[in-house]
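Here are my notes on the model you sent over.

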Amino acid sequence: MKKFNIRKVLDGLTAVSSSSSAAAQTGASKENEAVQENLQSEHFQLCKTVRHGFPHQPSSMAFDPVQKILAIGTLTGALRLFGRAGVECYCQHESAAAVIQLQFLINEGALVSALADDSVHLWNLRQKIPAILHSLKFNRERITYCHLPFQSKWLYIGTERGNIHIVNVESFTLSGYVIMWNKAIELSTKTHPGPVVHISDNPMDEGKLLIGFECGVVVLWDLKSKKADYRYNYDEGLLLQEGIQEVKEGSKDGTFCRSRRFLAIHSVAWHHEGKQFVCSHSDGTLTTWNIRAPAKPAQIITPHGKQPKDGKKPEPCKPILKVEYKTTRAGDPFMVLSGGLSYDTVGRRACLTVMHGKSTAVLEMDFPIVDFLTLCETPYPNDFQEPYAVVVLLERDLVLIDLGQIGYPIFENPYPLTIHESPVTCCEYFADCPAELIPALYSVGSRQKRQGFSKKEWPISGGNWGQGTQSYPEIIITGHADGSIKFWDASALMLQVLYKLKTAKVFERARAKEERAIADIVEEDPFAIQTLCWCPESRMLCVAGASAHVIVYRFSKQEVSAADVQLLEVRLQCQLSDVDSPDPGGEQTPTSPASAGAPPSPQETEPAAQPSAGSNSSDGSRDNIPCLQVRGSALKQSPGYQVELVIQLVWVSGEPPQQITSLAINSSYGLVVLGNSNGLAVVDYLQKTLLLNLGTSELYSPSEPYQRQPRSPRKARQPSGVLCDSNDGPNASEERCKSPTSGSTSPCNSDEDRKAKFIEKVKYKSRRFSKTIANDFARMSRKISSSNEQKPNTEWRSLPCRNGTCHADDGMTTSRKSVKLVFSRTSSDGNFNPKDNSFSRSRSSSVTSIDRESRESVSSFCFCETFPRKCDSLLSPCVLVGTTQGGVMMVAVSLPPSGDQRLLQPVGISSCGTVARLKGGILTMALLDAAGGLLPSSHEPWYDPNAADDEKEKCRRRRPSSLPSSQDGQDSQLAILCSEKQAKVVAMPSQTRVYKHNITESSFVLRADVVQMAGANCIACFCANGHIMTLSLPSLRPLLDVNYLPLTDMRIARTFCFSNLGQALYLTSPTEVQRITYSQDTCDNLQEMLSELFTPVETPEAPNRGFFKGLFGGGAQSLDREDLFGETSAGKASRSLAQHIPGPGSMEGMKGAASGVVGDLARARIALDERGQKLGELEERTAAMMASAESFSKHAHDMMVKYKDKKWYQL
């Protein structure tokens, strides 16, 4: 009795099977059953680790001068804190509202943030992951400005209504003390002064508060007497007296208040002695006021205004948005301001002005200024400030200016804030790299550093590095829109740039837009990096650009003074067939691949005399023209990555080349394989020759059921594939086999011929359209039935081969290589009918998109050493090819012996048919051995190409002459295949499915990688619905499924990548990289690995008042704010004004404290502080209740005395 094989039945049900495991299936190999899987769900946990890069959309900034910590808030509610190099922290407000202001509790490990949603938050920075301790949400007023005096626990909050409220930062409760706007301004003023734009206390008298309103009124408020001492009005009358140009009332910029038309102010700065302050105005002027002379400013200056010689009105200037006034003991004070430029400087970049004595320096910035801070030696405002640097926060950069050196040089920034220097277009992550890679890249990258920086150390130096246990090297590679590639050291949760490679210098740059080459297919960013492939062991790098070009690089530590760029041009085209199926009437038979692949005559393959020039006929069609022009002169190549070969896809008969979608390189084979929507090409970068060039559909065997041909006749701007059009005559078949750099042989050389041919095609199609449709349905049913009958009794056939050898033209004097192709095509079926090959069998449910149905593109490659054909017993170098329609094909490679023979003998290439079919486009492929271990692609060790020959031979590894073979009838390898919808494990060489798992039904996978973790292997997937999943290997058991991040931006899909040891990253914003981990071990050790922001530092001593100042009372006067703002004297605030929201920071701080004795002490200290705080609150409440009871008793007694002796009719 014939044995029934259930495996073949199950293979036919893959489209409806949700997930299945072949462990229970009969006929499973013993090797697969013996694979022990060590990974379990307990090994996985997902969490964020660190965020690198420049804060996206910054809005505010603050600095702790004692802790040396810088905080930056953003418009999205994020907080980024920076200390010394490598000390970074990221936290996020839940509301995601814009951060309008930040205030440090100096040297106390706390930060106050004010948001645009009228909430104030207190952050605890004493823990590694900062958390919110308290929040206060205002209900009736909008927050506009905050001020927290040094060593004070009372926070002043100005509102849009012009009122000032006071908050206790310890308990985050409102005080009953309120400064109302109508009491602050003059009684004669009938209009509202506008929002509060400034609050500050007098440096020498804490009881005096300076309040600035938007309309231009400045008030010096006495906190004790609760009244205004002085009011300073810089109004129109003063403008006319000083000869300043009058601006009409009701101007659009809101420069003047309506009643008295005061000049609006933007900021106020005190002199440290408290006798003067400076205001910046919206007309570009600075006014200096003596606090006891409110009638008129002591000085009015316009830093960038042109003063007329006749003493008339100066020219108006732009508003001065901020000014800071800092004094020094030994010299003139510094006045730093932003804005105030003249209106005639249209298009000028933003500037920062530094005024020191009689000198004025204008420093141009690359981007608009968001905020700036002057860093001083002392935190005390009543002492000489001694400024030493200015921190300038720009929209896309952070700059520190050294005020202590001539010329004001900038500090060298140690943070990785240049990720967005050019937009990131692709990203790759490599963990556990060879140890010598980072020093090698750093050594060549250190020569690229700019000069002219300040010689002083970076002044933001707070915090401590984490004590992590991760010691393996990690490298991140980013490709950018300008063609540059950056290598980053990402070890130990840090990020530091190592080396920058500029690929654009290989090409000629157009001097002007009009002079751009007519062959450009990308108007903007023609050098943008689309994809890259890097081999860490051999240090070979291969990058693909947006202009359909590929550059192969070698790493060398030696400089090459002058070298010609080796260029190889490839014609990669696929012309779509005009019909979907053959016409049985015999009117015209489509050209079959067998006939199309016949070796052409020597006359047909002879290269043109000038292959590099291409052709450009009078009708505008372009042929053999690359999109970019390679530099004709010799190129100086610095130490680092040096150009080995440039591969360019050229225009074909007026059709532009398609952008490259997949790329792979193998240093052991010396091959590069690239693919796009037209097909694939295999290039030998050692011999600088093209080995294979064919369309995707030609990878299929003529008789296999998976075969597909393009069915959409679209010939718009996007080019089509390599199949010859049946109505184009024999020239199309010859054209397909010509040299990639040969001249154009298009049969249409004029407009008339082109139009006539088009009309004939339309007539021909219209005559047989109805007959073709009817025959298609008939042939479809016959083809499906015949293929199903033949499948159980036939072996997998070898696909028709196409072997190619590319020979350099000895007569060429330039660096371009002219190649001629010699193809041979064979078939394992001697009775093959050419008509059958033109039939396209439709797939059922494996199409993920109707748009992708029209063309099958190459989506991924994998170099491996496996069994090329079904039931082979010998391993051979191969390339696995994955397509967007789920097809996985095999291409075998025949390599000559290593050494000199490798450079002389040709490399053989043959296509071996389909290995498997999956739903959705193929994303990744890999091989496992019989024990479940990952089989990496072979590679050669790195050697310096510019070193001596004996050193090269010493480093290069000899390829084994014979590869190991499998035992007869047994599978010794497992092919791991993952697509957008499902994953499969296929046994090799039998090519039988062992395991299958449907990853998602409603969504699709964006990125998938086979990664190593905890000594085992798994598949890591990121889906478009935000789920991150891992599957065990080889059984494909789900180990992790977390809904982490929904796809809100294509940037995430383009840059998300997994790496070994449970690491991953993606570009969370145009300027920031977010690193995550899906490893339980990393999550457990994350607290130790993170850096510390707060370090115990003693507060500097207060300035000495001196004997005479202490004797005569000339020093700073303190204020008992507790007595003034406390509940006893000020009472309680209205409950409807603001809502207190307790934060989880205390509990999270206790949980997140470091383990061991230090952690126990920290937890005990936090618990003690919390208990003391609660006891203090209880005591305050008790005292308040007692006071309330006494007041009630007093009022009751007074009432009793008042009405004691009165009669009832007197009441």
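This is a predicted model: local features need pLDDT of at least 70, side-chain atom pairs count only at pLDDT 80 or more; totals for chains, interfaces and linings use all residues.

1. You'll find lysine 870 in the loop between strand 47 (858–866) and strand 48 (876–883). Have a look at serine 990 while you're there: it is 120 residues away from lysine 870 along the chain, yet their C-alpha atoms are separated by 5.3 Å.

2. Now the whole protein. It has 1211 residues, and 55% of them count as buried. I get 20 helices and 62 strands. Taking contacts between residues at least 6 apart in sequence, 62% join residues at least 24 apart. The accessible surface comes to about 54700 Å², with 51% of that belonging to carbon and sulfur atoms.

3. Strand 2 (residues 44–53) is worth a click. It is mostly covered, with eight of its ten residues buried. Its antiparallel partner here is strand 61 (residues 1072–1079), joined to strand 2 by seven bridges.

4. Next, an open sheet of four strands, antiparallel, in the order 55-56-57-58. Strand 55 (1005–1013) and strand 58 (1038–1043) are the edge strands, each pairing on one side only. From one strand to the next, the twist averages 15°. Five bridges hold the antiparallel pairing of strand 57 (residues 1027–1032) with strand 58; isoleucine 1028, for instance, has valine 1042 of strand 58 as its bridge partner. As a reminder, strands of a sheet pair through backbone hydrogen bonds.

5. On to the aromatics: there are 26 aromatic pairs in the structure. In one of them, phenylalanine 411 and tryptophan 458 have ring centres 6.4 Å apart and planes at 90°, so this pair is edge-to-face. It links distant parts of the chain, 47 residues apart: phenylalanine 411 is in the loop between strand 29 (398–402) and strand 30 (424–431), and tryptophan 458 in the loop between helix 5 (437–445) and strand 31 (474–480).

6. Phenylalanine 487 and tryptophan 534 make another edge-to-face pair, 5.7 Å centre to centre with 70° between the planes. Here the partners sit in strands: phenylalanine 487 in strand 32 (residues 484–489) and tryptophan 534 in strand 34 (residues 529–535), 47 residues apart. Phenylalanine 487 has 0% relative accessibility and therefore counts as buried; tryptophan 534 is buried too, with a relative accessible area of 6%.

7. Which residues do ring pairs link into a cluster? They are Phe44, Phe1022, Tyr1044, Phe1056, Phe1058, Tyr1066 and Tyr1078.

8. The charged end of arginine 84 sits over the ring of tryptophan 465, 5.7 Å from the ring centre. Lysine 322 places its charged end over the ring of phenylalanine 372, at 5.1 Å from the centre.

Terms used: Residues are numbered from 1 along each chain as its sequence is written. Side-chain values use heavy atoms; hydrogens and water are left out. Helices (H or I, at least four residues) and strands (E, at least two) are DSSP runs, numbered from the N terminus. Buried means under 20% relative accessible area, exposed over 50%, partly exposed in between (1.4 Å probe, protein chains only). Contact means heavy atoms within 4.5 Å. Accessible areas come from the Shrake-Rupley method with a 1.4 Å probe; for residues, only the protein chains shown count as cover. Two strands pair if DSSP finds at least two bridges between them. Axes are lines fitted to C-alpha atoms, for helices over the stretch in contact, and angles run from 0 to 180 degrees between N-to-C directions. Rings of Phe, Tyr and Trp (its six-membered ring) pair if their centres lie within 6.5 Å; planes under 30 degrees apart count as stacked, over 60 as edge-to-face and the rest as tilted. A charge sits over a ring if NZ of Lys or CZ of Arg is within 6 Å of the ring centre and within 35 degrees of the ring normal.
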